[in-house]
Each structure stands twice: as structure tokens, then as C-alpha cells.
Amino acid sequence: MIYLDYNATTPLCEPARTAMLPFLGEKFGNPSSVHAAGREARAAIDDARDRLADLLGAKAHELIFTSGGTEANNLAILGLARSRATRGKHLISAKTEHHAVLNTIEHLEKREGFEVSWLNLSQTGGIDLNQLGDTIRDDTVLVSIMHANNETGVIQPLREISEVCRARGVPLHSDMVQSFGKLGVSLGDAASFAAHKFYGPKGAGLLFLRSGIPIEPIHFGGAHENQRRAGTENVAAIAGMAAAAEFVERDREQEQARERNLRDQLWREISAQIESPVLNGDTHRRLANTLNISLPALDSETMLMALDLEGVCASSGSACMVGSVVASHVLLAMGLPLALARSAIRFSIGKYTTEEDISATAGIVSEIVQRTNAKRSEKTISV
């Protein structure tokens, strides 16, 4: 199998597995219990929180552990918007956000009376900083812009966005699920992370929330996480997340350079073997591991099925649409024609991708396109 879907999920790294094992066995205490077994579990959570805070350049009490990136995004948007609703009900975001952000904002708009301004996107996927500044109003209570897009890899200028928001006194939340472990961290007021995107376990995530910013909880039933997220913490997953974060950050710059070379090699080889492929997204401000292309000869579903039969794992975009293959909302928001959006494929590279994987994949893609074109020619002749 050739796995080129690292933006969907990553394999569990050995340091994370090792860190988790004791808490899946003999160290099973509830971290809220006062006895020795509970204190042992609590110590593991505190240790993980300290280590993650150090990596993020944050304070330990600014981290809220969640069940993953989706919950972290939901908590940030619902909790921050609701806590500031007496000041106003205006939100700002972009249509290229992950559905964990889009659907949450749409809920506030449809069910809780909030007004939303959606920023325009350039054809390469970037937002306009001038438009952001012009869109902020006196009643704007939250801006949510992701750091790096999960489908195209396009990177937003988060530092500059944060400066615009700070100057106007509006909190900034960023979905950093795809960027952590690939880019340096530039924290705004709130940021979401998911362990399984950086070689940690599924079912673990965190929300960074800057000190002094109030938030309304969306879970009820306990005083966990400083009364911000009720529910017994997943000790094993939290321990694994901290170990995975250290694992991915240890050689981040060198590894991203390696993945960039592999990504560019894949594009070169596909371009050399296939007629008129289209590269989607900014060619410069893009994650080193992500290649999103449209192959006009084939729709995404056909190509993904053919790749799967050849042992290649790729994607048409987000992995959170329950196996569906539809035209990418991200590419459509960038102004890509529907036909090209429907023929888009995302290849995402990771630590265990090799040059041989890349060359093999380019050859397989070429064979699939040639085979499809030959079948179409046969049908045309027979008609």
C-alpha cells in the first residue's frame, strides 16, 4: 500500500504508543479521584499539559483538552461567541474553513441570531487583509480563520491577521489542526489542534485559549479542565498526544524540506506524463506536504476508486464527509470551475513516504488516465 493521505490522518508514532500503554493497562485511575491511582493519572495529564504548553509557547492553564479538533473548534466558536453576545453578534470567517468551523458558524447564524460576514478568497486561496480590516465592526465578537487549509495546503498570513484583529479589539480563533508539526506556531487568542494529524492518537485534541478570555462551556456535568470542558479526561490519549507533539517537532524543519521535495517531484512527474493537469492553490504559501491537482480527464470518485484498486490511498479533500466524494467547497470558494473542482485529487505526504512511493504513484496515475482515455476512444469509435 502507498499511503498519501496524511492530511486525513497519520499513523501512531512509537513514542506516542509507548507513552499510552501504561494508561491502557495498570495505570487506569480516574484523574479526578483523590487516591493514589487517581493522583497518578492526574500527574500524567499535568505533565502532558506542561510539555504541550512549552512546545506552543503558552501557559499550561491556557490549554483545554478535548476529544479532537472538531470539538476544539466547536468549543472555541460557540463558547467565545456566546460569551460575548451581549457586546454584539457579528462573526467573520471564510468559506474555505473546515466543516467543523463552517457548520458551527452556520448554526449560530441560523439558530442563535448571529450575523456572519464571509471573506472573499483569491484564486490561489488567500484572504484579503484589507477586506478583513474593513469588515470588522463595533459589534464583531469573533474572527475565525484557519492557519493552513486541509485540502489545498494554502497558508494564511496568521501573524498579520492577528495584528489586524488585535488593533480592533476582536479575538481571533484559528483552526491549526493541519499546520501543527508542519509550520511554526503563531498563536492568536484561541487555536485548535488534533493529535491524530501529527502522529498521535485519534480522539485527542486541545484548545489553546489565551489567559483572561472568558468562554462558555458546551459540555456540562463536571468541573474538569478548570470548568471549561466537563468530562473525564482521556489520560492515555493525552499522554500520547504530548509524546507525538515532541516527536513531530524534533526534526520539523528538516522533515518539511524532505516532504517538499517529494511533493514537487510528484507534481513534476505527473505533469510530464499527463496532459494539462491543474495545480490548485498558492504555489508558494502552501504546506510542504500537500499537492491538490485537478485531472480534467477524470472525476474525483473514478480516480480515487482506481487508485485504491492499485493500492494508492489519496483523497478528494476533507476526510470528514463520511466517505462521500463531492465537489470541494474549498475549491468552489476559490472560484474554480465546477468541472475542475469535481476532478480534484489531494495527495498528502508524511514521514514514511519514500521517493519510490512518489514515482510509483505518478506512474499509476498516468496509467489510469491513459486507460480511461483509451476506453473513451473505443466508445466514440463504436458509436
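Valine 278 has serine 294 in β10 as its bridge partner. Helices (H or I, at least four residues) and strands (E, at least two) are DSSP runs, numbered from the N terminus. This is a predicted model, in which local features need pLDDT of at least 70, side-chain atom pairs count only at pLDDT 80 or more, and totals for chains, interfaces and linings use all residues. Residues are numbered from 1 along each chain as its sequence is written, and side-chain values use heavy atoms, with hydrogens and water left out.

Strand β9 and strand β10 (residues 290-294) run antiparallel and are joined by two bridges. Helix α9 (residues 252-273) packs on the sheet and touches β9, β10 and β12. Contact here means heavy atoms within 4.5 Å. The direction of α9 makes about 20° with that of β10. For such angles, axes are lines fitted to C-alpha atoms, for helices over the stretch in contact, and values run from 0 to 180 degrees between N-to-C directions. The sheet is open, with three strands in the order β9-β10-β12 and antiparallel pairing. Its edge strands are β9 (278-279) and β12 (344-348), each pairing on one side only. Two strands pair if DSSP finds at least two bridges between them.

## The seven-stranded sheet

A second open sheet holds seven strands, ordered β2-β8-β7-β6-β5-β3-β4, with mixed pairing. β2 (63-66) and β4 (115-119) are the edge strands, and each pairs on one side only. From one strand to the next, the twist averages 20°.

β2 pairs with β8 in the antiparallel sense, over four bridges. Threonine 66 stands opposite glycine 205 in β8. Leu63 and Phe65 point one way from β2, while Ile64 and Thr66 point the other way. All four are buried, meaning under 20% relative accessible area; exposed means over 50%, and partly exposed lies in between (1.4 Å probe, protein chains only). Strands β3 (residues 90-94) and β5 (residues 140-144) run parallel and are joined by three bridges. Isoleucine 92 has valine 143 in β5 as its bridge partner. Helix α3 (residues 69-83) lies across β2, β3, β5, β6 (172-175), β7 (190-194) and β8 (205-209). α3 runs at about 160° to β7.

## Threonine 140 in β5

Threonine 140 sits in strand β5. Its relative accessibility is 4%, so threonine 140 counts as buried. The side chain of threonine 140 makes a polar contact with the side chain of histidine 90 at 2.6 Å. A polar contact is a pair of N or O atoms within 3.5 Å; within protein, one must be able to donate a hydrogen and the other to accept it, and residues adjacent in sequence count only if both atoms are side-chain atoms. The threonine 140 side chain also reaches the backbone nitrogen of arginine 137, at 2.7 Å. Neighbours within four places in sequence aside, threonine 140 is in contact with Arg84, His90, Ile92, Thr135 and Val170.

Helix α8 (residues 235-250) has 16 residues. From first C-alpha to last, α8 reaches 23 Å, close to the 22 Å expected at 1.5 Å a residue. The expected span is 1.5 Å times one less than the number of residues. α8 is mostly covered, with 13 of its 16 residues buried.

In helix α10 (residues 300-309), the buried residues are Ser300, Met303, Leu304, Ala306 and Leu307. Seen down the α10 axis, these residues fall within an arc of 165°, so they line one face of the helix. The arc is that of the directions from the helix axis to the C-beta atoms. Met305, Asp308 and Leu309, on the other side of α10, are exposed. At the start of α10, a side-chain oxygen of aspartate 299 reaches to within 3.1 Å of the backbone nitrogen of glutamate 301. Just after α10, glycine 311 takes a positive phi of about 85°.

## Two loop residues

Serine 328 is in the loop between β11 (312-313) and α11 (329-333). At 4% relative accessibility, this serine 328 is classed as buried. A polar atom of the serine 328 side chain lies 3.1 Å from the backbone nitrogen of valine 330. Not counting residues up to four places away in sequence, serine 328 touches Glu151 and Ala341.

Glycine 29 is in the loop between α1 (14-20) and α2 (36-56). Glycine 29 is buried, with a relative accessible area of 12%. With residues up to four places away in sequence not counted, glycine 29 touches Ala37, Gly38 and Ala41.
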